[in-house]
Amino acid sequence: AVAAMPLLPADVLAAYQFTPEATVRLFGNGHINRTYLIENSIQKLILQQINTQIFPAPQQLVDNALRIEQHLTVKQQQGLYPLQILRQQARQDGHYLSGEQADLRALAFIDGGRSIEVVETPAQAFAAALTFGQFAAALADFPADELHTVIADFHNLGFRFCQLDDAIAANKAGRLVDCQELVNYCQSQRALVTELEQLCADLPRRVCHNDTKINNMLYSDAEGRGIAAIDLDTCMPGYWLFDFGDMVRTCCSPEPEDSLNPAAVRIRPEIFTALAQGYLQGLAGIITAAERQSLWLGAKVMCLMIGIRFLTDHLNGDCYFAVHRPNHNLQRAENQLRLYLDLLAQQDQLQPLLK
Ligand code: ATP
Ligand code: MG
Ligand code: MG
């Protein structure tokens, strides 16, 4: 059972046609926003308190989500893409509540949906990648550059290397001595920055979801089909290689991101294969040959980049990612680099799946 809930003020509930008797509970396993499920005998909805530390301009998230929703709704009417999409429920004066009531926005509860935390089977990986691929495909004719860039430099590898450089120079927490080898290895991979920039110069800019981990899509209860891509907060203009790469990064290891069993952290080839098949099927007829070939670099870049971010935070004294034990960020960084190295080791088998 969830511990005593901070009650939502009656006027917030009233804004969405709930009386104070409605049942309110914390919901899901999100790390960024605070997610509530509110229900009574008539309706259910998701209410989220937007994390304004991470998203200082919540109105931009809401604007992006509305534009995407509009676009996807039209597509759905044409019967092209069977995805059920989040719906913002309007109050009289807008789509979210702000000011003293923090930054709250509501989403229609997608009923009959189920999210999982760990990928266990290739079928789950396939369904997830198909869903994110269909989501991307439905937005392929959306003017990506009209979305707000809600977080600048989010997937800018050069910028992440610069942040690592700064952390090394400052050595604020005095930890450089413990992780010099890992630091050196990351630095030795810097050529990826230019490789990525050159590749991207020839790719179309696309709507990127930017957080394509497994609990950001929903499966249908009954047959495990993907029914929705959710958590649209980081949707921004970008390149599909990042979305594919983040799926590989978050789905392929049998171990959690912060596993204490680094020897078991690896890329499961059968999961990688299922992700490649699902994503390419979702984008069939739309993804260009250059984009297909860029996906491999996306997988490498995402593992390396998130590894660098964890390492940077470790050097800075754990200011960004929440830590629950000593060297937590260092362990996360090591695990990401293991995935990166395992991609390199399996390149001959895996890369051709994307050709
Ligand atoms: P993250 O840590 O991935 O950034 P977050 O804090 O942004 O997560 P969400 O992913 O938006 O939060 O929501 C948290 C969880 O709540 C989801 O994983 C999902 O299980 C559930 N959820 C969110 N929106 C809906 C919805 N519209 N219908 C049903 N379930 C939902
Ligand atoms: Mg989420
Ligand atoms: Mg999120």
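**Notebook: loops, sheets and domains**

I started at Asp-318, and found it in the loop between α9 (289-316) and α10 (328-345). Helices here are DSSP runs of H or I with at least four residues, strands are runs of E with at least two, and both are numbered from the N terminus.

Before going on, I noted that this is a predicted model, in which local features need pLDDT of at least 70 and side-chain atom pairs count only at pLDDT 80 or more, while totals for chains, interfaces and linings use all residues. Residues are numbered from 1 along each chain as its sequence is written, and chains are lettered from A and ligands numbered from 1 in the order in which they are written.

I checked the backbone of Asp-318: phi is near 60°, a positive value in a residue other than glycine. Is Asp-318 buried or partly exposed? I get 18 C-beta neighbours inside 10 Å, so Asp-318 counts as partly exposed. My cut-offs: buried means 20 or more other C-beta atoms within 10 Å of the residue's own, exposed means 12 or fewer, and partly exposed is in between, with C-beta atoms placed from the backbone.

Asn-171 also went on my list, with a positive phi near 40° in a residue other than glycine. I place Asn-171 in the loop between α4 (157-170) and α5 (180-188). Asn-171 has 13 other C-beta atoms within 10 Å and is partly exposed.

**Strands**

Next I looked at β5 (residues 104-108): four of its five residues are buried, so the strand is largely enclosed by the rest of the structure. I see β5 pairing with β3 (residues 44-49) in the antiparallel sense over five bridges; to count as a pair, two strands need at least two bridges found by DSSP.

Then I turned to an open, antiparallel sheet of three strands, ordered β6-β8-β9. β6 (113-114) and β9 (226-229) are at the edges with a single partner strand each, so one side of each has no neighbour in the sheet. β6 is joined to β8 (residues 217-220) by two bridges, and Gly-113 stands opposite Ser-220 in β8.

I found helix α3 (residues 122-138) packed on this sheet, touching β8 and β9, with its direction at about 50° to that of β9. For contact, two C-beta atoms, placed from the backbone, must lie within 7 Å. Angles run from 0 to 180 degrees between N-to-C directions, on axes fitted to C-alpha atoms, for helices over the stretch in contact. I counted 15 of the 17 residues of α3 as buried.

**The whole chain**

Buried residues make up 42% of the 355.

Last, I looked up the domains, whose bounds come from an automatic or database domain assignment: domain 1 is 10-109 and domain 2 is 122-354. Their centres, over C-alpha atoms, are 27 Å apart. Between them, 18 residues of domain 1 are in contact with 17 of domain 2.
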